[in-house]
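Subject: Structure handover

Hello,

Here is the structure I promised to pass on. My notes follow below it.

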Amino acid sequence: MQKLITLLLTLFLISACGGSDAGADSIESPTVDTPSLPDTPITPASLCEQTTSSINWEALMKEDCDDLAQYGLFIDPSTPSSAPVTPGMLYTLSTQLFTNYASKYRFIFIPEGKQAIFHPTDTFQFPIGTILTKTFSMPFDTQVTNPENEVLIETRLLIHRELGWTSLPYLWKNGEAKLVQAGANIPHTLNHQGEVERFDYHVPSRAECKICHQINKGGSSTISPIGLKAHLLNHDIEFNGETVNQLQMWKSQSQLIGLPELNEVAHAPALTDTSESLTQRAKGYIDINCAHCHRAEGFASISGLRLGFHIDHTSYQYGICKQPPGWDGGAKGLSYDIVPGDGDHSILLYRQELNSAKDRMPPIGRSLVHTEAIELIKQWIDSLSPTIGNCQA
């Protein structure tokens, strides 16, 4: 009897829950409000990782790639000294920017359909999208000129993006160039005319790049190219098996507009070009090595020293009998930037002979003394007439 009662109660409860005839599949589950989960963000692939047979312009304009090869600037990414991808062009300067006797390989990439704008005395104006590459290769012996005598050290990029120029330093190792934001020091041994030099080659950080390349105007500081000026580009080069003027070639390749007749364009000769005057050779070297800082908008503007190629070299602002602020004269106790007729007592020469960090000029960019330049600049200062200044002993 007890079992019968239990069975009847069970049947009654099932019927009350609506389950008398229905199968299990027809039972409705209770509705539950669940919060909607946000979509998982999808990280877009880096522009640097795109593979293309042409230049990766989009990455150049928007990203600082870790690997130089990701920009696709050279046909052989491990050889940034030749064979740029179109529209890249090799260019050279008429006088030497000294960096520890390094060989330099410069290329410019101007986007198709755009041109640089000529300027008679200052850096040309370049369109957004312009890329400059400069590769430094250190020789083991300065008397030997072949690729087997050199080791790749660094490649620097200057990129003209929408917000202005930016710099990217790349360090070479095992055939690859990697971005080094903080710079690096690379030990190197160099034989220069029988004298062995052991030193650290310094790859500049991005912050140090700005020291040399900065232009201060209107309360803001930007960076700009240094060597792309008419007097440094106005010389003959080899192009497609012919000797042509470099500026004329740029014009013929639709890379430059506004170029006047060449006889109206200044020329800064090489340090070693004995067919040119001592003054022009010295001023050309001083311009490329010093004028980017020693100008009204440059890093060393407070010095009052103006060393551009077009500045009158007999003037006070060029250093004639001018006392520099903020420097004690060194061990010699010198007083004037240039003492006409007396190179040994001229600070301009002396600081190029010094090599301590606080005294040398330029302050970065070299670890060695450029002995050939020292000799020529001394000859030039010695040749100046003392009558052009009034230096007090």
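Two strands count as paired if DSSP finds at least two bridges between them. Helices (H or I, at least four residues) and strands (E, at least two) are DSSP runs, numbered from the N terminus. This is a predicted model: local features need pLDDT of at least 70, side-chain atom pairs count only at pLDDT 80 or more, and totals for chains, interfaces and linings use all residues. Residues are numbered from 1 along each chain as its sequence is written, and side-chain values use heavy atoms, with hydrogens and water left out.

The sheet. Six strands form an open sheet in the order β1-β2-β4-β5-β6-β7, with antiparallel pairing. Its edge strands are β1 (89–91) and β7 (176–179), each pairing on one side only. The twist averages 30 degrees from one strand to the next. Here axes are lines fitted to C-alpha atoms, for helices over the stretch in contact, and angles run from 0 to 180 degrees between N-to-C directions.

Strand β5. Nine of the 12 residues of β5 (150–161) are buried, so the rest of the structure largely encloses this strand. Buried means under 20% relative accessible area (1.4 Å probe, protein chains only). Nine bridges tie β5 to β4 (131–139), antiparallel; serine 137 has leucine 152 as its bridge partner. Eight bridges link β5 to β6 (164–173), again antiparallel. There, leucine 158 is partnered by serine 167. A hairpin of two residues joins β5 to β6. β6 then pairs with β7 over four bridges, where tryptophan 172 stands opposite alanine 177.

Helix α3. Glu208, Cys209, Cys212 and His213 are buried in α3 (206–213). They fall within an arc of 130 degrees seen down the axis, so they line one face of the helix. The arc is that of the directions from the helix axis to the C-beta atoms. α3 lies across β5 and β6, at about 130 degrees to β6. Their cover includes β5, β6, β9 (195–203), β10 (214–217) and β11 (220–223).

The cores. A nonpolar core is a set of buried Ala, Val, Leu, Ile, Met, Phe, Trp, Tyr and Cys residues joined through side-chain atoms within 4.5 Å. In the largest, of 36 residues, Ile286, Ile338 and Trp380 touch the most other members. α8 (371–383) gives the most to this core, with six residues. Apart from it lies another core, of 30 residues, including Tyr91 and Met249.

Best wishes

How values were computed: Buried means under 20% relative accessible area, exposed over 50%, partly exposed in between (1.4 Å probe, protein chains only). Contact means heavy atoms within 4.5 Å.
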